[in-house]
Amino acid sequence: MSKRHSNRSLSEDNSLFQDIQRGVNHLKSCPQCSQEYKQQQFDVLFVRGNVRVVHILCDVCQHKIVTLLATTPFGMSSLGVATDLSADDFLRTAHLDPIGEDDVLEFHTFLYKHHKAFVNLLSK
Ligand SMILES: [Zn+2]
């Protein structure tokens, strides 16, 4: 389980968590196991103006969601996706370029040339 960073946890921002609980029904509980979320399960990863990128980890089933949360004069809206990345993994990889076709072909060529060494490396 990823280590929580108190500086980005909503535990410091009571009103935002309450706004989320009031305004965004699908962020009240885990879609996988229906366990109600607690404030400390929300990690704010980025803030850009009125948009936050929030990582939510269910303490019961470990289901993870990354959601864009926008606060507008008309209320809150969000767009989320399930992820297998921890909050720390998300922050570590967010600035990297996406994997392209050339990267996949290059990796295929690498495996083709070095498959025995690669299998040995994995079996250690
Ligand atoms: Zn869950």
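A residue is called buried if 20 or more other C-beta atoms lie within 10 Å of its own, exposed if 12 or fewer do, and partly exposed in between, with C-beta atoms placed from the backbone.

The structure shown is a predicted model, in which local features need pLDDT of at least 70, side-chain atom pairs count only at pLDDT 80 or more, and totals for chains, interfaces and linings use all residues. Residues are numbered from 1 along each chain as its sequence is written.

Start with the overall plan. The protein chain has three helices and four strands. Helices (H or I, at least four residues) and strands (E, at least two) are DSSP runs, numbered from the N terminus. Read from the N terminus, the elements follow the order α-β-β-β-β-α-α. The protein chain has 124 residues, and 16% of them count as buried. Two residues are in contact if their C-beta atoms, placed from the backbone, lie within 7 Å. Take the contacts between residues at least 6 apart in sequence: 39% of them join residues at least 24 apart.

Next comes the sheet. Two strands pair if DSSP finds at least two bridges between them. Strands of a sheet pair through backbone hydrogen bonds, either parallel or antiparallel. Here four strands make an open sheet in the order E1-E2-E3-E4, and the pairing is antiparallel. E1 and strand E4 (75-83) are the edge strands, each pairing on one side only. From one strand to the next, the twist averages 20°. Axes for such angles are lines fitted to C-alpha atoms, for helices over the stretch in contact, and the angles run from 0 to 180 degrees between N-to-C directions.

Now walk across the sheet. E1 and E2 are antiparallel and share six bridges. Arg 48 has Val 51, in E2, as its bridge partner. The two strands form a hairpin with two residues between them, and Gly 49 in the turn has a positive phi of about 60°. E2 and E3 come next, antiparallel over seven bridges. Val 51 also stands opposite Ala 70 in E3. The hairpin of E2 and E3 has six residues between the strands, and its turn holds Gln 62, with a positive phi of about 70°. Last, E3 and E4 pair in the antiparallel sense over nine bridges. Lys 64 faces Thr 83 in E4 across this pair. Two residues make up the hairpin link from E3 to E4.

Ile 65 counts as buried because 22 other C-beta atoms lie within 10 Å. Leaving out residues up to four places away in sequence, Ile 65 touches Ile 56, Gly 80, Val 81, Ala 82 and Thr 83. Val 81 is 16 residues from Ile 65 in sequence, yet their C-alpha atoms are 5.5 Å apart.

Val 24 gives another view. It lies in the loop between helix H1 (14-23) and strand E1 (42-48). Is Val 24 buried or partly exposed? It is partly exposed, because it has 16 C-beta neighbours inside 10 Å. Beyond its neighbours within four places in sequence, Val 24 is in contact with Met 76 and Ser 78. Ser 77 is 53 residues away from Val 24 in sequence, but 6.8 Å away in space, C-alpha to C-alpha.

Finish with helix H3, residues 101-123. None of its 23 residues is buried, so H3 lies largely in the open. H3 has a kink of about 90°, centred on His 114. The bend at a residue is the angle between axes fitted to the seven residues ending there and the seven starting there. H3 spans only 28 Å between its end C-alpha atoms, whereas a straight helix of 23 residues would span 33 Å at 1.5 Å a residue. That expected span is 1.5 Å times one less than the number of residues.
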